[in-house]
Amino acid sequence: MSTPLLAEELRPQLDDLVRHFGNVVFGDEYGVGDAPGVVAKWQESPIGIAVQGHSTDQLIDIAARHIRGLTEITGVQFKKVAPGSPNAKIDLMFLYRQEMSAVAKQLPPRDASALTTMINDPTARCFFLSWKVPNDRIVKAIVLVNAKLEPAEVNACLLEELTQVMGLPNDVDAYWPTLFKPIDSSLNWSRWDKLYLKTLYSPQMKPGLNKAQALEVARTLFAKELSKSP
């Protein structure tokens, strides 16, 4: 249990929180694509999710728990659909690493190159790609999970990837608890992770806002949260 002093030390300052949020929303974790220029998020609900590959009941339960949590935080609904369905907006794939290159071969050259870069990173356990049409609307995503991982590892990496696929794509180090750190094994959202998701899906955070506009909205919402007791 954290002492009050430690909890206060891990409590972000407003300027730091706003800056970090901006880097998470407007950055690119792998540096393989164009960094977002405007706020982008899912604008349909429910979002169809198709599960493929070497899934088990246990792995599906882990994913379902995180998806229910995302709905509670953001209000966005999800539904399970069949693989290949036109309603499959998120493809959740449990594959062995050697099988993942087949997915890359099905993508346009630039996306295939980006995915190959991720596949070849030995430290990457799970990763995602998403597509936007236009730039402020996420319309499709792929989440790849190494099927050789232990369930506890899947738990942590799915939490991160399913959160990032909502429109929070980048990893940036921070001194407070957050799953957006480059090296993190969180099994639950921190208070600040939930704040990022709530802020992104707040009606005030309109799709298409540029970085300066988005951070102005975020600052107002974060200041309100920081005014509450730890």
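1. Helix α2 (residues 14–26) packs against helix α7 at an angle of about 65°, and their axes are 12 Å apart. Axes here are lines fitted to C-alpha atoms, for helices over the stretch in contact, with angles running from 0 to 180 degrees between N-to-C directions. Helices (H or I, at least four residues) and strands (E, at least two) are DSSP runs, numbered from the N terminus.

2. On the basis of these values: this is a predicted model, in which local features need pLDDT of at least 70 and side-chain atom pairs count only at pLDDT 80 or more, while totals for chains, interfaces and linings use all residues. Residues are numbered from 1 along each chain as its sequence is written, and side-chain values use heavy atoms, with hydrogens and water left out.

3. From α2, Leu17, His20, Phe21 and Val24 meet Trp192, Leu195, Tyr196 and Thr199 of α7. Six residues of this contact are nonpolar, two are polar and none is charged (Ala, Val, Leu, Ile, Met, Phe, Trp, Tyr, Cys and Pro count as nonpolar, Asp, Glu, Lys and Arg as charged, and the others, Gly among them, as polar).

4. Asp193 also belongs to α7, which spans residues 191–200. Asp193 has a relative accessible area of 0% and is therefore buried (buried means under 20% relative accessible area, exposed over 50%, partly exposed in between, with a 1.4 Å probe and protein chains only). Neighbours within four places in sequence aside, Asp193 is in contact with Pro177, Thr178, Leu179, Phe180 and Asn188, where contact means heavy atoms within 4.5 Å.

5. Strands β5 (residues 126–132) and β6 (residues 137–146) run antiparallel and are joined by seven bridges; strands pair if DSSP finds at least two bridges between them. The two form a hairpin with four residues between them. Cys126 stands opposite Val145 in β6.

6. The structure holds one disulfide, joining Cys126 to Cys157 with an S to S distance of 1.9 Å (the cut-off is a pair of cysteine sulfur atoms within 2.5 Å). It links distant parts of the chain, 31 residues apart: Cys126 in strand β5 and Cys157 in helix α6 (residues 151–164). Both Cys126 and Cys157 are buried.

7. Arg137 lies in strand β6. Its relative accessibility is 31%, so Arg137 counts as partly exposed. Apart from neighbours within four places in sequence, Arg137 is in contact with Ala40, Lys41, Gln43, Trp131 and Lys132. Arg137 and Val38 are 99 residues apart in sequence, with their C-alpha atoms 9.9 Å apart in space.
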